[in-house]
Amino acid sequence: MANRTVKDANSVKGTNPQYLIEKITRSRIYECRYWKEQCFALSAELLVDKAMELKYIGGVFGGNIKPTPFLCLVLKMLQIQPEKDIVVEFIRNADFKYVRALGAFYMRLVGTSLEIYKYLEPLYNDFRKLKKQNRDGSFVVCHMDEYIDDLLHEERNCDVILPRIQKRNVLEENNELEPRVSALEEDMDDMEDEEEDDEEINTREVASSNEKQKGRDRDWDRPRRSVSPVYTRGSSPRRRRSRSRDRHRDRGTRRSRSPRERRKRSRSPDRHRHDDDRHHHRKSSKHSHRDKDKKDKDKSHRSRDKGKSSKSVSSEDPEIKEANELRAKLGLAPLKL
């Protein structure tokens with residue numbers, strides 16, 4: 001009674017779900033100790049706790065063909081037939097890798113081709129290690145993506161014959177399934193895009209450096225010109241233009257004038273000013289000579305007057321001197337000679 005499938009269970013692949021495992025293997029599972037002690041009266045809620053306790057995956061092992069706990073739980077799931085949502089949660093569980101492996105194996109047995117590709121192919125991106133027990137009882141290390149690849153392409157896994165599924169290319173041709181894009185291809189595309197961007201940046205930098213070098217070479221090849229007095233610091237570009245225009249105008253007027261006009265023009269006011277300055281200089285030099293002569297004459301006259309006064313003073317009589325002294329005391333004018 002305990003080994004029968006539940007009443008409400010649906011048939012899978014046209015048969016009883018437990019019949020997906022071979023009769024010899026199934027009988028070995030019914031007789032093992034783990035099935036009798038741990039899997040008796042196990043519900044879908046309690047099945048989760050048992051799946052979290054798994055430590056490795058595998059089928060049967062040893063000389064007397066003992067089933068592993070993993071295979072016992074697979075048969076229990078086929079017996080109680082849990083809902084699809086519970087199985088999907090098993091597959092999407094990222095914390096417990098053996099719970100995910102159990103859900104993937106059950107989905108591979110009972111799911112359709114579309115469901116198998118839909119839920120198992122995303123597990124290719126899981127690279128965690130799994131412990132697997134061989135038939136001789138030894139343990140080996142495999143990875144989750146290898147385990148999923150065996151489920152999708154091998155005919156037998158964990159000593160269980162897997163049902164056949166349609167090829168992926170057939171489903172793609174019938175537009176029932178979209179082409180699979182590998183994460184590795186996406187990474188390769190991203191790397192190629194990054195390399196292309198780096199190459200574009202490098203080419204731009206090389207082109208800019210070449211342009212700068214060409215500009216420097218041109219600057220070196222240009223002849224060195226002396227700075228004209230027009231391009232001074234204080235002169236603005238407008239003033240420079242006006243000066244250059246005035247120069248062109250002056251050249252044009254000079255060329256258009258006749259020789260007579262040029263001679264008349266040659267006598268510019270600056271030349272008249274120069275002549276006036278010379279004439280004024282000559283006049284000023286003459287005046288200065290005249291002033292010098294006058295000064296010399298005045299000096300000679302003064303010296304003569306002094307000599308006369310001294311002679312007159314010396315020639316005065318003593319009587320006149322006395323009289324003049326008295327008159328000076330009295331406040332009268334002196335006597336004239």
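At what angle do helix H6 and H8 pack, and how far apart are their axes? In this predicted model, local features need pLDDT of at least 70 and side-chain atom pairs count only at pLDDT 80 or more, while totals for chains, interfaces and linings use all residues. Residues are numbered from 1 along each chain as its sequence is written, and side-chain values use heavy atoms, with hydrogens and water left out.

Helix H6 (residues 97-110) packs with H8 at an angle of about 10 degrees, the axes being 11 Å apart; axes are lines fitted to C-alpha atoms, for helices over the stretch in contact, and angles run from 0 to 180 degrees between N-to-C directions. H6 and H8 are therefore roughly parallel to each other, a term for angles under 35 degrees. On the H6 side the contact (heavy atoms within 4.5 Å) is made by Lys97, Arg100, Ala101, Ala104, Phe105 and Arg108, and on the H8 side by Met144, Tyr147, Ile148, Leu151 and Leu152.

Within H8 (residues 144-153), Met144, Asp145, Tyr147, Ile148, Leu151 and Leu152 are buried, that is, under 20% relative accessible area with a 1.4 Å probe and protein chains only. Seen down the axis of H8, these buried residues fall within an arc of 160 degrees, so they line one face of the helix; the arc is that of the directions from the helix axis to the C-beta atoms.

E1 pairs with strand E4 (residues 129-133) in the parallel sense over two bridges, and Ile57 has Lys132 in E4 as its bridge partner.

Note on methods:
Buried means under 20% relative accessible area, exposed over 50%, partly exposed in between (1.4 Å probe, protein chains only). Helices (H or I, at least four residues) and strands (E, at least two) are DSSP runs, numbered from the N terminus. Angles under 35 degrees count as roughly parallel, over 145 as roughly antiparallel, 65 to 115 as roughly perpendicular and the rest as oblique. Two strands pair if DSSP finds at least two bridges between them.
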